Amino acid sequence: MNARLTSAAFAAGGVLFLIYPAVRPSGDDAAAIASGAWVYGHLAAMIGFILTGLAVLGLHQVLGDRLSLRAAVVTWTGAGLTLPYYGAEDFGLSVIARRSLRDQAPALMELAAEFRFGPVAVTMFAAGLALLGVGAVMAAVAVWRSGTLAKWSGVPFAVGFALFIPQFFGPYSLRIAHGALIAVGGLWLAVALWRARSTAPTSPARTPAAAHRR
């Protein structure tokens, strides 16, 4: 990925993490989970995770250092562990909720709790989000050390992903604020990459003599 595509991935991914809590219903009852807003909100988050992985990989290709490569590996691993849980929350729970409402069987929603707090599922989910936080912090440190991008441009992105797990335990307004923080972080990195691309010196054209010397 070149700097332009990396910039677009950071920007789009950040915005999608704001759309996720803004669209997702604030409740977790059957009506909320059965709604289209639940599906589209979680879908925004899943695409956001994919774009984040691509963006951090693109960041490594721009910076070219070992730390940013490790950040990309950790971020991809975290996204891989997180996405199955989000997919089940989005599509699996939605089917259960619709069936619960259609059959007027509230007891079916107990299946949602069994999935959400199942030891394997919740461990993968927590490990994935923790690794995403670690990857984002590593990426921010790589940006800070690079001398190519503005030092602080990676900090909001890192803080946002580091707080992904804690924000689940706050009020819903906090979750929207958290989405806004990641959006700011993604957009800031996008701008920093775009500016670095715009100000990068262009390679001089190779003359026939220079080509001959090569």
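The side chains of Ser94 and Arg98 are joined by a polar contact of 2.6 Å. A polar contact is a pair of N or O atoms within 3.5 Å; within protein, one must be able to donate a hydrogen and the other to accept it, and residues adjacent in sequence count only if both atoms are side-chain atoms. The model is predicted, so local features need pLDDT of at least 70 and side-chain atom pairs count only at pLDDT 80 or more, while totals for chains, interfaces and linings use all residues. Residues are numbered from 1 along each chain as its sequence is written, and side-chain values use heavy atoms, with hydrogens and water left out.

Ser94 sits in helix H4, which spans residues 66-102. Helices here are DSSP runs (H or I, at least four residues), numbered from the N terminus. Ser94 has a relative accessible area of 2% and is buried. Buried means under 20% relative accessible area, exposed over 50%, and partly exposed in between (1.4 Å probe, protein chains only). Leaving aside residues up to four places away in sequence, Ser94 touches Ile33, Ala34, Val39 and Glu89. Contact means heavy atoms within 4.5 Å.

Helix H4 also packs with H3. The axes of H3 and H4 come within 9 Å and cross at roughly 170°. Axes are lines fitted to C-alpha atoms, for helices over the stretch in contact, and angles run from 0 to 180 degrees between N-to-C directions. H3 and H4 are therefore roughly antiparallel. Angles over 145 degrees count as roughly antiparallel. The contact of H3 with H4 has 19 nonpolar, nine polar and two charged residues. Ala, Val, Leu, Ile, Met, Phe, Trp, Tyr, Cys and Pro count as nonpolar, Asp, Glu, Lys and Arg as charged, and the others, Gly among them, as polar.

Aromatic rings were examined next. Rings of Phe, Tyr and Trp (its six-membered ring) pair if their centres lie within 6.5 Å; planes under 30 degrees apart count as stacked, over 60 as edge-to-face and the rest as tilted. The count is 15 aromatic pairs. Phe17 and Phe49 have ring centres 5.0 Å apart and planes at 70°, so this pair is edge-to-face. Phe17 lies in helix H1 (residues 3-23) and Phe49 in helix H3 (residues 36-63), 32 residues apart. Phe17 is buried at 2% relative accessibility. Phe49 is buried at 0%. Phe164 and Phe168 have ring centres 6.0 Å apart and planes at 55°, so they form a tilted pair. Phe164 is buried at 1%, whereas Phe168 is partly exposed at 25%.

Notes. Helices (H or I, at least four residues) and strands (E, at least two) are DSSP runs, numbered from the N terminus. Angles under 35 degrees count as roughly parallel, over 145 as roughly antiparallel, 65 to 115 as roughly perpendicular and the rest as oblique.
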